[in-house]
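Take a look at the sequence and the 3D view, then read on.

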Amino acid sequence: MGRMTQVAAYDEFAEAYTAENETSLMNAYYERPATLALAGDVTGRRILDAGCGSGPLFATLRERGAAVTGIDQSAGMLEHARRRLGAGADLRVADLADPLPFADAAFDDVVASLVLHYLRDWQPTLAEIRRVLKPGGRLIASVNHPFMVNLTHRQAGPRPDYFESYTWTDEFEMHGETARMTFWNRPLHAMTDAFTAAGFRISVISEPHPVPEARELFPDDFDLLDTFPSFLFFALEAG
């Protein structure tokens, strides 16, 4: 699936994705709490939500006192974000594979929640993120965990080489709709090498658990997620 095709796909299933993201174990009780925990106290901070989707992370960061700007490549997803966040929210259509429409050192933090794994080449994107961050600013990023992806593919066959970057497409059922999404998997060392080459210092590599209250809400799925990571989280500082 090419990038333009993937944009169209997100436009098409924006409503189903928004509903799924709102309450799902993976997003509402695992990825989003972990990202917010890494962000910590954001009062007064200027934050770019890169790949903001329908805006759930944007909303919480704003509630916690941050001044937030959101970008996404999908106009359909941003329509849902505007409904959630109001007409005054700073939301813009932009592709992370392209130069960002912001001045140098415009942000204290950039949050890239489950978005970098859509990109084949991280170098230009990380260079742009570094450019729009203030010195000492933070990039907080989450991606598919490379161990989980490789193990899943090894079990399904054929056995991919963990040490090579490769692309894969998967189907997800979301509120009665089937969504096809294409990702790039890369080994952990390739991720950390890309961050340091772009001028970031790695502050935290996190493999969190889902929040404990999810056990009662998702009894059939909680134990697997609680004992093997699905996502990998980074907190990085711009040098």
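This is a predicted model: local features need pLDDT of at least 70, side-chain atom pairs count only at pLDDT 80 or more; totals for chains, interfaces and linings use all residues.

Residues are numbered from 1 along each chain as its sequence is written, and side-chain values use heavy atoms, with hydrogens and water left out.

**The chain as a whole**

- The chain has ten helices and nine strands; these are DSSP runs numbered from the N terminus, with helices (H or I) of at least four residues and strands (E) of at least two.
- For 239 residues, a compact globule would have a radius of gyration near 18 Å, and the chain agrees with that at 17 Å. The radius is taken over C-alpha atoms, and the globule rule is 2.2 Å times the number of residues to the power 0.38.
- Of the 239 residues, 52% are buried. Buried means under 20% relative accessible area, exposed means over 50%, and partly exposed is in between (1.4 Å probe, protein chains only).
- Take the contacts in the chain with a separation of 6 or more: 68% of them link residues 24 or more positions apart. A contact here means heavy atoms within 4.5 Å.
- The accessible surface is about 11,200 Å², and carbon and sulfur atoms account for 52% of that. Areas come from the Shrake-Rupley method with a 1.4 Å probe, and for residues only the protein chains shown count as cover.
- The chain carries 21 positive and 34 negative charges, and their mean positions are 6 Å apart. Lys and Arg count as positive, Asp and Glu as negative, while His and the chain ends are not counted; each charge is placed at NZ of Lys, CZ of Arg, CG of Asp or CD of Glu.

**Helix α8 and its cover**

- Helix α8 runs over residues 188-197, and its buried residues are Met-191, Thr-192 and Phe-195. They cover an arc of only 90° around the axis, so they sit on the same side of α8; the arc is that of the directions from the helix axis to the C-beta atoms.
- The cover over these buried residues includes α6 (123-132), β5 (133-144), α7 (146-156), β8 (200-206) and β9 (231-238).
- Zoom in on Thr-192, and you'll find it buried at 17% relative accessibility. Not counting residues up to four places away in sequence, Thr-192 touches Ile-202, Ile-205 and Phe-234.
- After α8 comes Gly-199, which has a positive phi near 95°.

- Pro-33 is in helix α3 (residues 25-39) and is partly exposed, with a relative accessible area of 25%.
- Although Pro-33 and Val-211 are 178 residues apart along the chain, their C-alpha atoms are separated by 7.5 Å. Neighbours within four places in sequence aside, Pro-33 is in contact with Asn-27, Ala-28 and Val-211.
- Glu-128 belongs to helix α6, and it counts as buried at 16% relative accessibility. Beyond its neighbours within four places in sequence, Glu-128 is in contact with Asp-98, Pro-99 and Leu-100.

**The loop between α7 and β6**

- Setting aside residues up to four places away in sequence, Phe-163 touches Pro-187 and His-189. Met-77, by contrast, is 86 residues from Phe-163 in sequence and 34 Å from it in space, C-alpha to C-alpha.
- Pro-158 is in this loop too, and a cis peptide bond with omega of about -5° joins it to Gly-157.

- Some background: most residues other than glycine have a negative phi, and most peptide bonds are trans.
- Ala-105 has a positive phi of about 55° without being a glycine. You'll find Ala-105 in the loop between β3 (90-93) and β4 (107-113), partly exposed at 31% relative accessibility.
- Leu-114 is another residue other than glycine with a positive phi, near 50°. Leu-114 sits in the loop between β4 and α6 and is buried, with a relative accessible area of 13%.
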